[in-house]
Amino acid sequence: MIITEISVDGYEEVVHGVDKQTGLDAYIAVHNIKLGPALGGCRYYPYKTSEKQLEDTLRLAKGMTYKNALAGLDLGGGKATVNAMPGKSPELWQAFAGLVNNLYGKYITSGDVGTTVHDLKEIAKSTDFILGHESKTDSGVATAFGVFQSIIALNKFLCGANSLKGKTIAVQGLGKVGSRVINFCLENGATIIATDTDPDTMIDDHAPISFVDPDKIYEVECDIFSPCAVGGILNRTTIPKLKCAGIAGGANNQLGSDGHAGFLKERNIFYVPDYLANCGGVIIVEKSQDKTLVDLNYESPIVKKRLDSIFNTVFKVLMESSKTNQTTTKICNDLAEERFQ
Ligand code: NAI
């Protein structure tokens, strides 16, 4: 494998690994390790150009520094991307593990878009610098519980109520996170309006839940909108359509661009930044490194305590935003920077 070091301002270390034999074409970016080793998943995605792949790796690695810091974890931020062009093989993952090992523990890999538990198990055969590869760690439920904490904190901020009784939550995406967010909200008394691009997920189970077409979710009348599908969905086209008082969801990179946080504020819509709302996943993955903890799940006391604390952070950020007129994104960024700078 040919490993090239790339010098990028503001980043601890960036490497590009190319292995002709297995077809591996991977970047690992370590953004910041002031709080500890850089934890961040490995994205397996068909990038059109190497520049785009590097750009994505850098953006995602920096995002992990902020997410891990705000979640209160003693971890830095990093990320890996593997170009999906050659197709997966055990050898490809073995080569990727070699690239991870080359950073001597500065970077700890995990799952992300495109990587399965099976892939992670292959990687784990050749590196110890990996977390979240054991089936016992269901990050989807922990993420959903963190999103639920954000929703109830947002609801408390918006109307002072302690439960979601009488409230309508619109959920976009009924996958591992969204379906569980719905269950937590239903248990708490909410009514749900949901959508997914996969019609097979929209099953009427007689709960107080109704479904709309995917492009109609932005304009439904609701109290809180919870995006739990894909990124970039809060933009100049969708924000004017929204009929909600607040947003809290699990999807990564919900804002089309940073400037859209201001646009939401102008519309008086309170936005819980995605990396705060969805940090439950990284919280449970971090705890999974403790091998003495068996049957680790979102209710394990050590995990639950941290997930519950998301409520307080969200409430504090919303209060601060309303007091200072700053966007919630700016406030979260400042809080994270206080920890890692
Ligand atoms: P998933 O793949 O299980 O579910 C996503 C669902 O969204 C699928 O059912 C898909 O059909 C649907 N979908 C895709 N595009 C859509 C659209 N435009 N409109 C409506 N539905 C659409 O993924 P998962 O794990 O539930 O993750 C959801 C989001 O949360 C992703 O953005 C992910 O990056 C983020 N996230 C997930 C974590 C986890 O632990 N699973 C942790 C942190 C963030």
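A crossing of two helices is called right-handed if the near helix is turned clockwise from the far one by less than a right angle, and left-handed if the turn is anticlockwise. In that sense the crossing of H8 and H9 is right-handed, where helices (H or I, at least four residues) and strands (E, at least two) are DSSP runs numbered from the N terminus. The model is predicted, so that local features need pLDDT of at least 70 and side-chain atom pairs count only at pLDDT 80 or more, while totals for chains, interfaces and linings use all residues. Residues are numbered from 1 along each chain as its sequence is written, and side-chain values use heavy atoms, with hydrogens and water left out.

**Domains**
- The protein is divided into domain 1 (2-124) and domain 2 (139-281 + 290-340), with bounds that come from an automatic or database domain assignment.
- The C-alpha centres of domain 1 and domain 2 lie 27 Å apart, and the contact between them (heavy atoms within 4.5 Å) takes 15 residues from domain 1 and 14 residues from domain 2.

**The open sheet**
- Six strands, in the order S10-S9-S8-S11-S12-S13, form an open sheet with parallel pairing, two strands being paired if DSSP finds at least two bridges between them.
- Strand S10 (209-211) and strand S13 (270-271) stand at the edges with a single partner strand each, so one side of each is left without a neighbour in the sheet.
- Strand S9 (residues 191-195) runs parallel to S10 and is joined to it by three bridges; Ile193 has Ser210 in S10 as its bridge partner.
- Helix H4 (residues 139-159) packs on this sheet, where it touches strand S8 (168-172), strand S11 (224-227), strand S12 (246-247) and S13, and its direction makes about 160 degrees with that of S11. Axes here are lines fitted to C-alpha atoms, for helices over the stretch in contact, and angles run from 0 to 180 degrees between N-to-C directions.

- The axes of H4 and helix H8 (residues 280-287) come within 7 Å and cross at roughly 130 degrees, which makes H4 oblique to H8; angles under 35 degrees count as roughly parallel, over 145 as roughly antiparallel, 65 to 115 as roughly perpendicular and the rest as oblique.
- The crossing of H4 and H8 is right-handed, and the contact is made by Ser139, Ala142 and Thr143 of H4 with Gly280, Gly281, Ile284 and Val285 of H8.
- By class, the residues of this H4 and H8 contact are three nonpolar, four polar and no charged, with Ala, Val, Leu, Ile, Met, Phe, Trp, Tyr, Cys and Pro counted as nonpolar, Asp, Glu, Lys and Arg as charged, and the others, Gly among them, as polar.
- H8 and helix H9 (residues 301-324) have axes that come within 10 Å and cross at roughly 155 degrees, and the two helices are therefore roughly antiparallel to each other.
- Gly280, Ile283, Ile284 and Lys287 of H8 make the contact with Ile302, Val303, Arg306, Leu307 and Ile310 of H9, a set with six nonpolar, one polar and two charged residues.

**Helices H2 and H3**
- Helix H2 (residues 90-101) and helix H3 (residues 117-124) pack at an angle of about 55 degrees with their axes 8 Å apart, and are therefore oblique to each other.
- Pro90, Trp93, Phe96 and Ala97 in H2 meet Asp119, Glu122 and Ile123 in H3, and these residues divide into five nonpolar, no polar and two charged.
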